[in-house]
Amino acid sequence: MTPDPIFSIYPAAEAPAHVRRLVYKTLYRDWGVAREPEEHWYNPQQGGRFIVAGAADGTPLGVCRLMSPEPDDPDRAQIRQVTVNPESRGIGLGRLLMEKAEELAALEGISELWLNAREAAEPFYEKLRYRYTSDVWLSELTGIPHCTMSKFLEC
Ligand SMILES: CC(C)(COP(=O)(O)OP(=O)(O)OC[C@H]1O[C@@H](n2cnc3c(N)ncnc32)[C@H](O)[C@@H]1OP(=O)(O)O)[C@@H](O)C(=O)NCCC(=O)NCCS
């Protein structure tokens with residue numbers, strides 16, 4: 001099945017509660033991160049925008065967060081909190097979300113996207129042509145092994 005989601009974009013501080021719930025449930029809850037205070041895992045003050053792939057009834061199926069360009073290197077921006085609802089994985093939604101983020105970033109003149117990939121998601125990012133820029137390190141928040149990866153966008 002080819003997914004045909006409806007995309008919405010929200011400044012991080014304005015993301016609806018059901019988007020925040022999806023992010024918390026799929027990326028933090030099972031790793032013992034407390035739901036409150038949200039500042040620990042959601043950091044709305046860090047900004048960026050949530051790109052949300054939704055079903056026709058508004059249910060969020062997957063999200064990713066495109067951070068603002070870096071003040072000291074405005075050609076670069078980080079992608080964070082990429083996640084797809086467990087029931088909707090494996091049908092191309094993650095790829096569509098990342099492609100949407102890359103499209104938006106390229107339109108804004110960003111030439112490099114980087115991200116901290118959880119170990120289990122590294123093959124997904126490799127498929128999308130992200131390349132390793134670090135050795136393995138452990139997240140202080142979740143304890144999950146990560147690698148930093150990056151991709152130069154074709155403008
Ligand atoms: C990682 C994640 C976002 C991928 O989303 P998804 O919608 O399942 O991925 P897609 O169906 O779009 O897959 C795109 C491609 O990557 C491949 N892929 C996805 N996950 C993979 C994995 N774990 N191992 C190998 N390949 C994988 C798919 O086979 C597909 O390849 P194809 O285009 O050649 O068919 C999803 O599994 C997820 O939400 N995981 C839990 C949260 C998480 O760990 N997020 C990453 C935080 S850094």
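Mentor: Start with a term: two residues are in contact if their C-beta atoms, placed from the backbone, lie within 7 Å. Keep in mind that this is a predicted model.

Now take Leu97. Set aside its neighbours within four places in sequence. Leu97 is then in contact with Ile51, Ala53, Gly62, Cys64 and Val82.

Next, widen the view. The largest nonpolar core has 33 residues. Leu97 is among those with the most contacts inside it, along with Ile51, Val63, Cys64, Leu66 and Ala101. Several elements build this core. Helix 1, helix 2 and strands 2, 3, 4 and 5 each supply at least two residues. Helix 2 gives the largest share, five residues. In soluble globular proteins, nonpolar side chains tend to be buried together.

Helix 1 (17–27), strand 4 (76–84), helix 2 (93–107) and strand 5 (112–118) each supply at least two residues of the shell around the ligand. Of its 19 residues, Arg89, Gly94, Arg95, Ala121 and Pro123 come nearest to the ligand.

Finish with the loop between helix 1 and strand 2. Pro37 lies there, and the peptide bond from Glu36 to Pro37 is cis. Asn43 is in that loop as well. Its phi is positive, about 45°, although Asn43 is not a glycine. Asn43 has 15 other C-beta atoms within 10 Å, so it counts as partly exposed.

Definitions and conventions
Residues are numbered from 1 along each chain as its sequence is written. This is a predicted model: local features need pLDDT of at least 70, side-chain atom pairs count only at pLDDT 80 or more; totals for chains, interfaces and linings use all residues. A residue is near a molecule or strand if its C-beta atom, placed from the backbone, lies within 6 Å of it. Helices (H or I, at least four residues) and strands (E, at least two) are DSSP runs, numbered from the N terminus. A nonpolar core is a set of buried Ala, Val, Leu, Ile, Met, Phe, Trp, Tyr and Cys residues joined through C-beta atoms within 7 Å. A residue is buried if 20 or more other C-beta atoms lie within 10 Å of its own, exposed if 12 or fewer, and partly exposed in between; C-beta atoms are placed from the backbone.
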